Amino acid sequence: MPIDHNTYRDTNFTNRFITHADLQAKINALTADGIFKVRQAGLSAQGRTIYHLSIGTGKTDILLWSQMHGDESTATLALLDLFNFFSADDEHNGIRKQILDNCTLHFIPMLNPDGAEMFTRRNAQGIDINRDFLAEQSPEGRILKQIQQQLQPEFGFNLHDQGPLWSVTGSRKPAPIALLAPPADDRASVTPSRLKAIKVVTAINNFLQEQIPGQIGRWDDTFEPRAFGDNFQRLGMATVLIEAGGYAGDPERQFVRKLNFDGILFALRQIASGDYQNQSTDDYYRIPQNNKEIFHILIRNCQLQTPGGVISADIGLNYSEQLDLPNQTSMLIYSIADIGDLSTWGAYEYIDASGALVSGTLAIDYRADFTLKSPAGTPICFENGIIVYKNN
Ligand SMILES: [Zn+2]
């Protein structure tokens, strides 16, 4: 019987904006349950507690950490759902037993609670924790490094979010999941630990392809000497990077949260059983690379007045988000990303503007401020970056 994520989804969370107080409430409940071992691993720069939860008695230690970038919360939510899965007592007890008899799982959910509070990538010191492995200036980075050194886990899962404009090469579709076995050196050598990570990544890819065919990307394997994943790989921990990304109709990434849950749980089962070892490394290199070949909106075939007369062109638009954190909402501000023949690009949303004339001025990287007009009506109208009218 397949594992249904909905059974374990923590329904207190329905959007991206989980705070440290939310996490603490969850951790307090888990502490009271006594199923997980919970300890305070240390404090963030602003004094928020960073937690280390563990469960299992197996000999294979696995370390999973999320949200070292504060605005990348999808995996934190997936980990909370996984905590529910491991706390449950139901028809999947056999799966739990297999994982927990063979592995000991260590979780650090929300490594960057100060960044989470502000919903920013960086910590309260303005430091990108994932570029702080060598310099060790952030308390959060030091905590992660210390836990990894003490446990020396065989496997690590480095859980992030990527921006919504990452797509899968050749597909013109968003990449809701991107994977990587981070390189251990600048030649991207396949070291013994990286080989294990490559096989786990391949297992996750093959499993999730059923749900999102053709929409999984592979990050490029340029070595970043300051990053944690690359260094942990170098130090012999088989490290897997999972990036949660954009998916049409899922701005709060709640379906992508499910994909994270499914992918991580499948990987844990593969490690517990040893089945991941049967994966082929060729399949890993066949996962298409992550790329940026999509827009948020692509308007096709509109008529533009130019110094050379009226021409036919496409317009690609992307938005940036203006967050309203207290209300957990955001406003979308659209800018013009490209104009011309964009027939090789994809988008979350396409507007066919055949015959419609652009009224307004278009400038690359400036806020969209124009109206499309045709005898049949107005397909879309932007004012100072905001969609004020759209004909659905
Ligand atoms: Zn990140």
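Biologist: Where does Arg121 lie, in a helix or in a loop?

Modeller: This is a predicted model, where local features need pLDDT of at least 70, side-chain atom pairs count only at pLDDT 80 or more, and totals for chains, interfaces and linings use all residues. Residues are numbered from 1 along each chain as its sequence is written, and side-chain values use heavy atoms, leaving out hydrogens and water. Helices here are DSSP runs (H or I, at least four residues), numbered from the N terminus. Arg121 sits between helix 5 (113-118) and helix 6 (139-151), in the loop.

Biologist: Is Arg121 buried, exposed or partly exposed, and why?

Modeller: Buried means under 20% relative accessible area and exposed over 50%, with partly exposed in between (1.4 Å probe, protein chains only). Since Arg121 has 32% relative accessibility, Arg121 is partly exposed.

Biologist: Which residues does Arg121 touch, not counting residues up to four places away in sequence?

Modeller: Contact means heavy atoms within 4.5 Å. Asp71 is 50 residues away along the chain, yet its C-alpha is 5.2 Å from that of Arg121. The residues touched are Met68, His69, Gly70, Asp71, Glu72, Asn112, Asp128 and Arg131.

Note on methods
Helix = DSSP H or I, 4+ residues; strand = E, 2+ residues; numbered from the N terminus.
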